[in-house]
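Subject: Structure handover

Dear colleague,

I am passing on to you the structure that follows, together with a written account of what was found in it. Please read the account with the coordinates open beside it.

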Amino acid sequence: MHDATGATADANRIKVWFRFVPREGWFPQDTEGLWATKVSDDTARVANVAFLQDGVAEGDVVRFETDVDGLHWAVGRVSASGNCTIRVVPIPSGPLGRSPQALHQQFSAFRLGGEVFSEEFPMVAFNVPADADFSGIKAVLARGKEDGWWHYEVGCGSNAWRNA
């Protein structure tokens, strides 16, 4: 089987959907789909970073239920990976402008994976691996916020992250 790009489709790769209450002043969406790899008939390991859903990180295993339309809806987290999710939005009038590439560069020493939300809204959602330098990353985040380079939030933090 091949997908639209001609690549072989992975039967274990699915999209798991999350429902949440939209935050006031934020995006109006109340769902987000994340790619995942099936672990069992009703569990999957999250394979990308969440832009909107809080409390889930890349590598976490979630339980899902499949609806009559074949959509897989998350119903809870089975196990945490220890990874964390941080979301960083450059301040357009700051030294980085609206550049997600410049934002990535500020965190390059930590080798974080990340995805850009859109060109119109250059928020970067970073996956922070469980063995990353949490203290160092938190220091860079705080300095950038204080200096007017960006706003940030922690979408999913572990105890190790909070205690760093």
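Helices (H or I, at least four residues) and strands (E, at least two) are DSSP runs, numbered from the N terminus, and two strands are said to pair if DSSP finds at least two bridges between them.

Before going further, please note that this is a predicted model, in which local features need pLDDT of at least 70 and side-chain atom pairs count only at pLDDT 80 or more, while totals for chains, interfaces and linings use all residues. Residues are numbered from 1 along each chain as its sequence is written, and side-chain values use heavy atoms, with hydrogens and water left out.

The nonpolar cores

A nonpolar core is a set of buried Ala, Val, Leu, Ile, Met, Phe, Trp, Tyr and Cys residues joined through side-chain atoms within 4.5 Å, where buried means under 20% relative accessible area, exposed over 50%, and partly exposed in between (1.4 Å probe, protein chains only). Not counting residues up to four places away in sequence, valine 128 touches Asn83, Cys84, Ile86, Leu112, Phe134, Ile137 and Trp161.

The barrel

A closed barrel of 5 strands runs E1-E2-E3-E4-E5 with mixed pairing, and here the twist averages 55 degrees from one strand to the next. Strand E1 (residues 13–19) pairs with strand E2 (residues 31–38) in the antiparallel sense over 7 bridges; along this pair, valine 16 stands opposite leucine 34 and arginine 19 stands opposite threonine 31. E2 then forms a hairpin with E3, with 4 residues between them; the two strands run antiparallel and are joined by 3 bridges, and lysine 38 stands opposite alanine 44 in E3. Strand E3 (residues 43–46) is in turn joined by 3 bridges to strand E4 (residues 61–66), again in an antiparallel arrangement, with arginine 63 in E4 as the bridge partner of threonine 43. Finally, E4 and strand E5 (residues 72–79) pair in the antiparallel sense over 6 bridges, with valine 62 opposite arginine 77 in E5; these two strands form a hairpin with 5 residues between them, and glycine 70 in the turn has a positive phi of about 85 degrees.

Two further residues

Glutamate 153 is found in strand E9, and its side chain is joined to that of arginine 87 by a polar contact of 2.7 Å. A polar contact is a pair of N or O atoms within 3.5 Å; within protein, one must be able to donate a hydrogen and the other to accept it, and residues adjacent in sequence count only if both atoms are side-chain atoms. Leaving aside neighbours within four places in sequence, glutamate 153 is in contact with Arg23, Trp26, Asp54, Thr85, Ile86 and Arg87.

Asparagine 159 lies in helix H3 (residues 159–163) and is exposed, with a relative accessible area of 53%. Its side chain makes a polar contact of 3.0 Å with that of arginine 162, while asparagine 159 and valine 140, which are 19 residues apart in sequence, are 19 Å apart in space, C-alpha to C-alpha.

How values were computed:
Contact = heavy atoms within 4.5 Å. Axes fitted to C-alpha atoms, helices over the stretch in contact; angles between N-to-C directions.
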